[in-house]
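Please look at the sequence and the structure below before reading on. The briefing then goes through the sheet, its strands and the helices around it.

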Amino acid sequence: MKTILIIDSDVITSALTAKFLSNYGHSVYVAHDGKEGLDRMGKQHFDLVLSEVELNGLSGFDTLKLMRKCYTDVPFAFLTSDDDRATRAEAEMMGAMALISKRQEYINLPFILEKLFYPSHDLVA
């Protein structure tokens with residue numbers, strides 16, 4: 001499967017998300033702030049970075065900006081509680097693959113990621 005980096009300051013949410021995605025066969029690593037995430041990206045390849053918008057220290061948007069300067073080819077998506085129109089518009093403008101709502105879409109996260117990884121596949125039987 002894919003190797004995913006989760007960046008989320010909430011220890012419980014990041015642990016649950018890591019377990020959830022690893023149960024679907026992904027290799028999942030966790031960073032608890034943007035700096036830690038960027039450091040980890042310098043040491044390992046990831047197929048996707050999945051970040052909260054609100055982080056301690058660097059915001060998710062700041063992390064994405066810095067990541068694009070160094071690791072431009074790594075796909076990036078937000079998994080966030082900040083899913084209002086303004087946040088969605090900023091995420092789209094910055095080139096994030098998706099903004100996934102923790103409140104509305106979390107349960108479907110493995111299937112949403114599958115569509116991001118394989119956009120041409122029809123996942124509905």
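In which sense do strand S3 (residues 48-51) and S4 pair, and over how many bridges? S3 and S4 pair in the parallel sense over three bridges; two strands pair if DSSP finds at least two bridges between them. Helices (H or I, at least four residues) and strands (E, at least two) are DSSP runs, numbered from the N terminus.

This is a predicted model, in which local features need pLDDT of at least 70 and side-chain atom pairs count only at pLDDT 80 or more, while totals for chains, interfaces and linings use all residues. Residues are numbered from 1 along each chain as its sequence is written, and side-chain values use heavy atoms, with hydrogens and water left out.

**The sheet**

- Five strands make up an open sheet with parallel pairing, in the order S2-S1-S3-S4-S5.
- Strand S2 (27-31) and S5 are at the edges and have a single partner strand each, so one side of each is left without a neighbour in the sheet.
- From one strand to the next, the twist averages 25°; axes are lines fitted to C-alpha atoms, for helices over the stretch in contact, and angles run from 0 to 180 degrees between N-to-C directions.
- Strands of a sheet pair through backbone hydrogen bonds, either parallel or antiparallel.

**Strand S4**

- Strand S4 (residues 76-80) is largely enclosed by the rest of the structure, because five of its five residues are buried (under 20% relative accessible area; exposed is over 50% and partly exposed in between, with a 1.4 Å probe and protein chains only).
- Phe76, Phe78 and Thr80 point one way from S4, Ala77 and Leu79 point the other way, and all are buried.
- On the S5 side, S4 pairs with strand S5 (residues 99-101) in the parallel sense over three bridges.
- Leu79 has Ile100 of S5 as its bridge partner.
- Between S4 and S5 the chain passes through helix H4 (residues 85-93), and this β-α-β crossover is right-handed: with the strands pointing away from the viewer, the path from the first strand over the helix to the second runs clockwise.
- Thr80 is opposite Ser101 in S5.

**Ser51 in strand S3**

- Ser51 lies in strand S3.
- Ser51 counts as buried because its relative accessibility is 0%.
- The bridge partner of Ser51 in S4 is Phe78, and Ile7 also stands opposite Ser51.
- Apart from neighbours within four places in sequence, Ser51 is in contact (heavy atoms within 4.5 Å) with Ile7, Gly60, Phe76, Ala77, Phe78 and Leu79.

**Strand S1**

- Five of the five residues of S1 are buried, and the strand is mostly covered.
- Thr3, Leu5 and Ile7 point one way from S1, Ile4 and Ile6 the other way, and all are buried.
- S1 pairs in the parallel sense with S2 over five bridges and with S3 over four bridges.
- Leu5 is opposite Tyr29 in S2.
- S1, H1 and S2 form a right-handed β-α-β unit.

**Helices**

- H5 lies across S1, S3, S4 and S5 and runs at about 140° to S3.
- The axes of helix H1 (residues 11-22) and helix H5 (residues 109-117) come within 10 Å and cross at roughly 65°.
- H1 and H5 are therefore roughly perpendicular to each other (65 to 115 degrees; under 35 is roughly parallel, over 145 roughly antiparallel and the rest oblique).
- Thr17, Phe20 and Leu21 of H1 make the contact with Leu109, Pro110 and Leu113 of H5.
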